[in-house]
Amino acid sequence: MSIELKPVSELPKIKREMGSEYDKTLKEFLDSENKYAEVIIKKDIKPQSLVSSLRNRISKNFKGKLRVRTIQGKIYLEKI
């Protein structure tokens with residue numbers, strides 16, 4: 001046979017970082033003294049996808065504290 005089965009007593013724990021990389025960035029901005037910041041995209045991410053993800057993270061974890069805005073094709077964070 002090309003495969004075989006090995007019995008295990010339990011499944012291994014998933015090693016995954018809790019939270020989002022965006023949460024870290026949003027928290028850093030919130031803790032900074034800046035009122036506004038431009039978001040620079042370093043990976044191959046569509047701007048509209050990033051805005052949607054940021055809005056989702058803000059609504060879950062930073063509601064009433066931050067706002068994400070798109071102005072002239074650039075993405076900005078704003079403290080409320």
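Biologist: How many helices and strands are there in the protein chain?

Modeller: Two helices and three strands. Helices here are DSSP runs of H or I with at least four residues, strands are E runs of at least two, and both are numbered from the N terminus. One caution first: this is a predicted model, where local features need pLDDT of at least 70, side-chain atom pairs count only at pLDDT 80 or more, and totals for chains, interfaces and linings use all residues. Residues are numbered from 1 along each chain as its sequence is written, and side-chain values use heavy atoms, with hydrogens and water left out.

Biologist: In what order do the elements run from the N terminus?

Modeller: The order is α-β-α-β-β. The protein chain is more spread out than a compact globule, because its radius of gyration is 19 Å, well over the 12 Å that the globule rule gives for 80 residues. That radius is taken over C-alpha atoms, and the rule is 2.2 Å times the number of residues to the power 0.38.

Biologist: What box do the C-alpha atoms fill?

Modeller: Roughly 60 × 25 × 20 Å, taken along the principal axes.

Biologist: And how much of the chain counts as buried?

Modeller: 22% of the 80 residues. Buried means under 20% relative accessible area, exposed means over 50%, and partly exposed is in between, with a 1.4 Å probe and protein chains only.

Biologist: What share of the contacts comes from residues 24 or more positions apart?

Modeller: 54%, counting contacts in the protein chain with a separation of 6 or more. Contact means heavy atoms within 4.5 Å.

Biologist: Switching to the helices. At what angle do α1 and α2 cross?

Modeller: Roughly 70°, and the axes of α1 (residues 21-31) and α2 (residues 47-61) come within 10 Å. That makes α1 roughly perpendicular to α2. The label covers 65 to 115 degrees; under 35 is roughly parallel, over 145 roughly antiparallel, and the rest oblique. The axes are lines fitted to C-alpha atoms, for helices over the stretch in contact, and angles run from 0 to 180 degrees between N-to-C directions.

Biologist: Which residues meet there?

Modeller: From α1, Tyr22, Asp23 and Leu26. They meet Leu50, Ser53, Leu54, Arg57, Ile58 and Asn61 in α2. By class, that contact has five nonpolar, two polar and two charged residues. Nonpolar covers Ala, Val, Leu, Ile, Met, Phe, Trp, Tyr, Cys and Pro; charged covers Asp, Glu, Lys and Arg; the others, Gly among them, are polar.

Biologist: Is Asp23 buried or exposed?

Modeller: Buried, with a relative accessible area of 14%. Asp23 touches Arg57, Asn61 and Phe62, leaving aside residues up to four places away in sequence.

Biologist: What about Glu78, where does that lie?

Modeller: In strand β3. Glu78 is buried, with a relative accessible area of 10%.

Biologist: What does Glu78 touch?

Modeller: Beyond residues up to four places away in sequence, its contacts include Phe29, Tyr36 and Leu66, plus Lys35, Lys65, Arg67 and Arg69. Glu78 and Val68 are 10 residues apart in sequence, with their C-alpha atoms 6.3 Å apart.

Biologist: Now the serines in α2. How accessible is Ser52?

Modeller: Ser52 is in helix α2 and counts as partly exposed, at 46% relative accessibility. Its C-alpha is 9.2 Å from that of Val68, 16 residues away along the chain.

Biologist: And Ser59?

Modeller: Ser59 is also placed in α2. At 40% relative accessibility, Ser59 counts as partly exposed.

Biologist: Last one. Where is Gln72?

Modeller: In the loop between β2 (66-71) and β3 (74-79). Gln72 counts as exposed, at 79% relative accessibility. Its phi is near 50°, a positive value in a residue other than glycine.
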